[in-house]
Amino acid sequence: MTTFHDAAYTMAAVTATIALYRTLIKKGLLTREEAARVLLDEAVARAIQAEGQGTGRTDAEVNLQSAEILKFIAEKL
């Protein structure tokens, strides 16, 4: 897979996640604060995991990017 495909899949996942969370919030099944808390908790967990991985530089970079994406989603809710 190319870098372009990786970015496209990531963007599709971000878009789907935002749509899902917005729908859950709109239907009253999830509060905005709960959604943001869940996403930020996951971002922190991924960042900690990335820091703990000393050998796999590529994996650590992916985890840090995942954390940034989750923070972005939480801000958009």
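What share of the 77 residues in the protein do buried residues make up? In this predicted model, the buried residues account for 23% of the 77.

**Figure 1. Overall arrangement of the helices.** The secondary structure of the protein consists of three helices and zero strands. Read from the N terminus, the order of the elements is α-α-α. The accessible surface of the protein is about 5,700 Å², and carbon and sulfur atoms contribute 58% of this area. Contacts between residues at least 6 apart in sequence were also examined; 56% of them join residues at least 24 apart.

**Figure 2. The largest nonpolar core.** In soluble globular proteins, nonpolar side chains tend to be buried together. The largest nonpolar core in this model contains 13 residues. Tyr21, Ala35, Leu39 and Ile73 are the residues with the most contacts inside this core. Helix 1, helix 2 (32–52) and helix 3 each give two or more residues to the core.

**Figure 3. The surroundings of Ile73.** Ile73 is among the residues with the most contacts inside the largest nonpolar core. When its neighbours within four places in sequence are left aside, Ile73 is in contact with Val14, Thr17, Ile18 and Leu39. Of these partners, Leu39 is likewise listed among the core residues with the most contacts.

**Figure 4. The largest pocket and its lining.** The space in the largest pocket amounts to about 240 Å³. Ten residues line this pocket, and those closest to its centre are Asp6, Ala7, Thr10, Val62 and Gln65. Two or more lining residues come from each of helix 1 (3–26) and helix 3 (57–76). Helix 3 supplies the largest share of the lining, with six residues. Sorted by class, the lining comprises three nonpolar, five polar and two charged residues.

**Figure 5. Glu33, a residue of helix 2.** Glu33 is located in helix 2. Is Glu33 buried or exposed? The relative accessible area of Glu33 is 56%, and a residue counts as exposed when this value is over 50%; Glu33 is therefore exposed. Along the chain, Glu33 and Ala74 are 41 residues apart. In the model, the C-alpha atoms of Glu33 and Ala74 are separated by 9.2 Å.

Methods
Residues numbered from 1 in each chain as written. Predicted model: local features only at pLDDT ≥ 70, side-chain atom pairs only at ≥ 80, totals over all residues. Heavy atoms only, no water. 1 Å grid on protein atoms, 1.4 Å probe; cavity = no way out; pocket = protein on both sides within 12 Å on 5 of 7 lines; lining within 4 Å. Points joined across faces, edges and corners; volume = space filled by probe spheres on them. Helix = DSSP H or I, 4+ residues; strand = E, 2+ residues; numbered from the N terminus. Nonpolar A, V, L, I, M, F, W, Y, C, P; charged D, E, K, R; others polar. Buried < 20%, exposed > 50% of the residue type's maximum accessible area, 1.4 Å probe, protein only. Contact = heavy atoms within 4.5 Å. Areas by Shrake-Rupley, 256 points an atom, 1.4 Å probe, with all protein chains shown as cover. Core = buried A, V, L, I, M, F, W, Y, C linked by side-chain atoms within 4.5 Å.
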